[in-house]
Amino acid sequence: MNNRIRIPICEPTLSGSELDYLANCIKSNWLSSRGFYVDEFERKFSEFCGSKYGVATSSGTTALHLALVALGIGRNDEVIMPTLTMIASANPIIFTGAKPVFVDSEIDTWNIDVNAIEEEITSKTKAIMPVHIYGHPVDMDPLLRIAKKYNLFVIEDAAEAHGAEYKNTRAGSLGDVGCFSFYTNKIITTGEGGMVVTNDEKVRDKLVLFRDLAHSREQRYLHYEIGYNYRLTNLQAGVGLAQMKKIDEYIRARREHAKIYNSLLKDVWGITLPPEAEWARNIYWLYSILIQEDFGLKRDDLAVELGKKGIETRPFFIPMHRQPVLKKMGLVSGEFLVADELFSKGICLPSSSSISEEQIAFVCDTIKEIQNQAQVSG
Ligand SMILES: *Cc1c(COP(=O)(O)O)cnc(C)c1O
């Protein structure tokens, strides 16, 4: 066997109007963020989320930073977030001068342990940032209740959860703001890109202001505040708009693929299938499982063996409390036992919208084969 990747972890599907829309940008000479596709992309995507306004950004990371800035979060403030996520959730908090405060995960949904939030609230807490990890929504009602009780903003990191639903309401539209990523491996892509959605017109105006260097309204080149250049280009928005035509199809495919994976893996000893709470619509950004001790092989060894067969996988994110840079900054204290367990056992399997049933069957057969071989030799 060679080491070539035959089944990638997650690749984009670009089979619609992407090329036509890009050509329109070139032919019309409109490349920058002032082009015609940006507004339409914002309108279509915010509508998809069930939010009034969308403000497109250059990435998911800049969407989160812009949202924090627009809500006025900065030095001496604290923002509560899960430890189990990628560092793009935490860094924007640090950019503002505020402090991220990490909370352990819950074993049922792999998301922030909502019951552990309240004890982290101090007089400095300004916001909670739930992250809908791997496409499964956070249990938002109790979280929103805590936010209301303590007068905190809720900034959803929905970078992995386009179209995921909590009690029939879409991720991103549940908090004060919702932030999305359109990086190449996300549900839809613009290459690089992101968006903040909100129902609050004042917040929208702030987002627009800070996205574009905070040019004052009265006069161009006159500035009362420090803004950023976090603009999305017309080229990217064109690709995004083409992707929007297919987004429901992509999500349907991912849910269907999860069903197939589940049926093929449910009887395999030592595997825990991904969660879907009764109130949740998981969109399975990355179809992920836990490899328990009785599987017979460690998660990392399984990943190596799958790699030998050309199947690309990813271990779960390294939680924030294990990040050397965050430890060095004195941001880590306490224990995060559930996140540690998920981190050591979790593996993401190939999840592209375009993956075929045969490929899924090959992945599952290969997992079973590897397990059998481990039993024989072990
Ligand atoms: C992808 C991702 C981001 C960042 O998005 P970029 O577009 O890569 O900047 C933020 N948070 C989470 C949870 C993500 O998965």
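1. The domain assignment of the protein, its bounds coming from an automatic or database domain assignment, gives domain 1 (18-244) and domain 2 (247-377). This is a predicted model, in which local features need pLDDT of at least 70 and side-chain atom pairs count only at pLDDT 80 or more, whereas totals for chains, interfaces and linings use all residues. Residues are numbered from 1 along each chain as its sequence is written, and side-chain values use heavy atoms, with hydrogens and water left out.

2. Taken over C-alpha atoms, the centres of domain 1 and domain 2 are separated by 26 Å. Across the boundary, 45 residues of domain 1 are in contact with 41 residues of domain 2, contact meaning heavy atoms within 4.5 Å.

3. The two domains bury about 3,500 Å² between them, with 72% of it on carbon and sulfur atoms; buried area here is the accessible area (1.4 Å probe) that two parts lose on being put together, summed over both. On the domain 1 side, the most area is lost to domain 2 by Trp 110, Tyr 134 and Ile 187, which together account for 24% of what that side buries.

4. Between domain 1 and domain 2 the count is one salt bridge, defined as a side-chain nitrogen of Lys or Arg within 4 Å of a carboxyl oxygen of Asp or Glu. Glu 165 forms a salt bridge with Arg 281, and the closest N and O atoms of this pair are 3.8 Å apart.

5. Several elements each supply at least two residues of the side of domain 1 that touches domain 2, among them helix 2 (36-49), helix 4 (87-95) and strand 6 (165-166), while the largest share, four residues, comes from strand 3. Helices (H or I, at least four residues) and strands (E, at least two) are DSSP runs, numbered from the N terminus.

6. An open sheet of three strands has the order 7-6-11 with antiparallel pairing, two strands being paired if DSSP finds at least two bridges between them. Its edge strands, each pairing on one side only, are strand 7 (169-170) and strand 11 (280-281). Strand 6 and strand 7 pair over two bridges, and Glu 165 has Arg 170 in strand 7 as its bridge partner.

7. Parallel pairing joins strand 2 and strand 4 (residues 125-128) over three bridges, with Ile 128 in strand 4 as the bridge partner of Ile 80. Strand 4 and strand 5 (residues 153-157) also pair in the parallel sense, over two bridges, and Ile 128 stands opposite Val 154 in strand 5.

8. The whole structure holds 18 salt bridges. The side chains of Asp 141 and Lys 167 meet in a salt bridge at 2.7 Å, N to O. Asp 141 lies in helix 5 (residues 140-149) and Lys 167 in the loop between strand 6 and strand 7, so the pair ties together parts that are 26 residues apart in sequence.
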